[in-house]
Amino acid sequence: VYDENPTGYLPGEGCGVVILMRTADARAADLPVYAEITGWGTSAAGQDMVTAAGPDGQLLALRRAYERAATDPADVQLIEGHGSGTGPDDEAEITALSQLRAGARVPAALGSIKANIGHTKAAAGSAGLIKTVLALGTGIVPPATGVSAPHPMLREDGGSLVLPRTAREWPEGIRIAGVSAMDPGGISVHLVLRNEPGRSSRLDRIVRSLPRI
């Protein structure tokens, strides 16, 4: 995924379960808040196709999500991409994300859980969401796995996206991330998530108390 020689569609199986509450209700109940969903956007290419939507359709969903979240895409530090692992789809996604973050001074980390578990079809979006929520809650930016040589578009100087080779701690301040998912029919979905580290969750405290190996 996101490699100059992508391996293509690799199927997986799974399901994903998330618990959603209003933030105020969760804090009042002293429940851990790993992340908040602040914006979402969708778009439909209206095509009967096997591959994902082109960059224009993806960009529309992205812009709708960040407008709803009242968030500058340049402030996003992590993007969990759809990551189909096919040449045309990866290029279309990188194009849309690069246009979204054009002019950003700091590149956002890019990755996809499909490189770890394959494409779980209907559960793929949930898998990406769970991975991103855990990254926000623990304050650890995960590496992009399975990349031998990054896609040429990700090697350009001054690029707005980067494939981290190792896990790293989240930058100081409010943590902001995005999650993309796409349907074979050309539907694109993107969520904007955030976490305030000053209100650290129990998961955050547990992970940070573990010895580093």
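Begin by selecting Leu110 and Leu161, the residues that touch the most other members of the largest nonpolar core, a set of 22 residues. A nonpolar core is here a set of buried Ala, Val, Leu, Ile, Met, Phe, Trp, Tyr and Cys residues joined through side-chain atoms within 4.5 Å, and buried means under 20% relative accessible area, exposed over 50%, and partly exposed in between, with a 1.4 Å probe and protein chains only. The model is predicted, and local features need pLDDT of at least 70, side-chain atom pairs count only at pLDDT 80 or more, and totals for chains, interfaces and linings use all residues. Residues are numbered from 1 along each chain as its sequence is written, and side-chain values use heavy atoms, with hydrogens and water left out.

Helices (H or I, at least four residues) and strands (E, at least two) are DSSP runs, numbered from the N terminus. Around Leu110, show the residues in contact with it, where contact means heavy atoms within 4.5 Å: leaving out residues up to four places away in sequence, they are Tyr2, Ile79, Gly81, Leu97, Ala144, Leu154, Leu161, Val162, Leu163 and Pro164.

**The whole chain**

Zoom out to the cartoon, where the chain has six helices and eight strands, following the pattern α-β-α-β-α-β-α-α-β-β-β-β-β-α along the sequence. Of the 213 residues in the chain, 45% are buried. Among contacts in the chain with a separation of 6 or more, 78% are between residues 24 or more positions apart.

**The largest pocket**

Select Ile19, Leu20, Met21, Ala35 and Val133, which lie nearest the centre of the largest pocket, out of 21 lining residues. The elements that give two or more residues to this lining are α1 (23-28), β1 (36-44), α5 (124-138) and β8 (187-195), and α5 gives the most, with four residues. On a 1 Å grid over the protein atoms alone, a pocket is an open set of points with protein on both sides within 12 Å along at least five of seven lines, a cavity is a set of points where a 1.4 Å probe fits but cannot get out, and lining residues have an atom within 4 Å of a point. Grid points are joined across faces, edges and corners, and a volume is the space filled by probe spheres set on the points; the largest pocket holds about 650 Å³. Its lining has 18 nonpolar, one polar and two charged residues, with Ala, Val, Leu, Ile, Met, Phe, Trp, Tyr, Cys and Pro counted as nonpolar, Asp, Glu, Lys and Arg as charged, and the others, Gly among them, as polar.

**The enclosed spaces**

There are three cavities of 30 Å³ or more. For the largest cavity, of about 60 Å³, select Gln58, Ala61, Leu62, Glu93, Leu97, Ser180, Met182, Ser188, Val189 and His190, which line it. The elements α2, α3, β7 (175-182) and β8 each give two or more residues to that lining, which by class has five nonpolar, four polar and one charged residues.

The second largest cavity has about 50 Å³ of space, and its lining residues include Glu80, His82, Lys114, Ala124 and Val179. Both α5 and β7 supply at least two residues of its lining, which divides into four nonpolar, six polar and two charged residues.

Go now to Thr120, in the loop between α4 (114-117) and α5. Thr120 is buried, with a relative accessible area of 8%, and a polar atom of its side chain lies 3.0 Å from the backbone nitrogen of Ala124. Not counting residues up to four places away in sequence, Thr120 touches Gly12, Glu13, Gly14 and Ala127.

Thr86, in the loop between β2 (78-80) and α3, is partly exposed, with a relative accessible area of 22%. Its side chain makes polar contacts with the side chains of Ser84, at 3.1 Å, and Asp89, at 3.2 Å; a polar contact is a pair of N or O atoms within 3.5 Å, where within protein one must be able to donate a hydrogen and the other to accept it, and residues adjacent in sequence count only if both atoms are side-chain atoms. The C-alpha atoms of Thr86 and Pro6 are 5.6 Å apart, although 80 residues separate them along the chain.

Finish at Thr166, in the loop between β5 (161-162) and β6 (168-169), which is exposed, with a relative accessible area of 55%. Beyond its neighbours within four places in sequence, Thr166 is in contact with Val141 and Pro143.
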